Amino acid sequence: MEVMEADYLIVGGGPSGFSAVRELREVDPKGSVVLVTNEKYLPYDRPPLSKDYLRGETSREALFYEGEEFYRRNNVLVLLGRKVERLNLRDREAVLDDGEVRFGKALLATGGSPRRVRIEGDDRKGIYLYRTLDDVDAVRAEAAPGRRPLIIGGGFIGMEVAASLTLMGLRPTVVEVKPYIWNTFVDEKVASVLQEYFESRGVKFLVNESVRELRGGERVERAITSSGREVEADFVVMAVGISPNVELAQSSGLQVENGIVTDKFLRTSHHDVFASGDVANFLDAQGKRRRIEHWNNADYTGKLSARNMAGREEPYDYLSTVWSDIFDLHIEAAGETGDYDEYVVRGKLGGESFSVIYVKGGLVTGYLAVNRREEELEALNRLIKERVDVTGRTKLLGEEGTDLKSL
């Protein structure tokens, strides 16, 4: 059995794992690093997978953060297509499928796995999950103009994929089990505005519906919904969210609850093991537990965990923002967008450019912005982070002439 040693072991080659690698080279250039990923590719960027890359506007090579030379030059050993079976925390050893790594500090950036909805007939060809580069390549091979994809799930990935396929000349239908799209992200009124925009671009929606059965011959040809509706489908993309990959943490005795539980320093229940990215359930600056599935948080927590593994004691202090580019809409959001007393609209709701600002207890707690200036977003971020009381001044939030910095 091959035995390796590393000052830092990173399990997971997604955006958070790579951000940790890059940050470690800054804060501890001499420390040895072993990165283990069960993918067969070097770390690559994921946001383009549902956008530029799917549409053929970005090359495969452009997805990769760095080439092999970067890892050689920076004393980073990358183990591709390998799996950490378990951690022996007492001796700080990681047992791989065909070897062992002895480590000083470890980071679990294991991400999540796409959920697969169990549907009668889901063993037919032409049914895809959407998470990895290989998943996207399989969907691209199906995406001929005029074809009719069925997308199960009206969340971020489902909507981005629907928009990209529409721009490629396909005619997608989105099935969402909840009453409106983006239901974990925006309120029903805002969701309806965005849905209307998508419909104007050619996307069909079936909300408050689920797929009961997938029919066809060897390949999928149609779907039957919960209401008995029949929908033609040349192929199917399942985009119903992810489940955090906690199996390694759980089998190693680490505390797990909706992800891997960490403190504000991203340290798990073991002093020398940290967690970051989609899988980390952390304490934020307000002492609230969060697990965030988005690139910005993955990048930030990867860097923060690296600094803390290297001996810093920096708490999580970040307002995680969410962004997406869909058709000609640049959407950004932050904070709490589901729990509010009132909300204020800047611009015209449903117009080319508007912001919806959520207020609770006199505090700006969140926002969703469509095609807004960076200065406005920065001001909104400060209002949330600094907990500025806007009691009696909420009307000013909605007036385009108000410089939000003045609040």
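Close-up 1. E176 is part of strand β10, residues 173–176, strands being DSSP runs of E with at least two residues and helices runs of H or I with at least four, both numbered from the N terminus. A polar atom of the E176 side chain lies 2.7 Å from the backbone nitrogen of G154. With neighbours within four places in sequence left aside, the residues in contact with E176 (heavy atoms within 4.5 Å) include G153, G154, G155, I181 and N208. This is a predicted model in which local features need pLDDT of at least 70 and side-chain atom pairs count only at pLDDT 80 or more, while totals for chains, interfaces and linings use all residues. Residues are numbered from 1 along each chain as its sequence is written, and side-chain values use heavy atoms, with hydrogens and water left out.

**Close-up 2. N208 and N371, two loop residues with positive phi**. N208, in the loop between β11 (204–207) and β12 (211–216), has a phi near 60° although N208 is not a glycine. Because its relative accessibility is 53%, N208 counts as exposed, the cut-off for which is over 50%, with partly exposed in between that and buried. N371 lies in the loop between β25 (363–370) and α9 (374–385) and has a positive phi of about 55°; at 29% relative accessibility, N371 counts as partly exposed.

**Close-up 3. The hairpin of β12 and β13**. Strand β12 is joined to β13 by a hairpin of 3 residues, and the two strands run antiparallel with 5 bridges between them, β13 covering residues 220–225. Strands pair if DSSP finds at least two bridges between them. L214 stands opposite A223 in β13.

**Close-up 4. The largest nonpolar core**. This core, a set of buried Ala, Val, Leu, Ile, Met, Phe, Trp, Tyr and Cys residues joined through side-chain atoms within 4.5 Å, has 49 residues, and those with the most contacts inside it include L9, I10 and V84. Strand β1 (residues 2–11) gives the most to this core, with 6 residues.

Terms used: A polar contact is a pair of N or O atoms within 3.5 Å; within protein, one must be able to donate a hydrogen and the other to accept it, and residues adjacent in sequence count only if both atoms are side-chain atoms. Buried means under 20% relative accessible area, exposed over 50%, partly exposed in between (1.4 Å probe, protein chains only).
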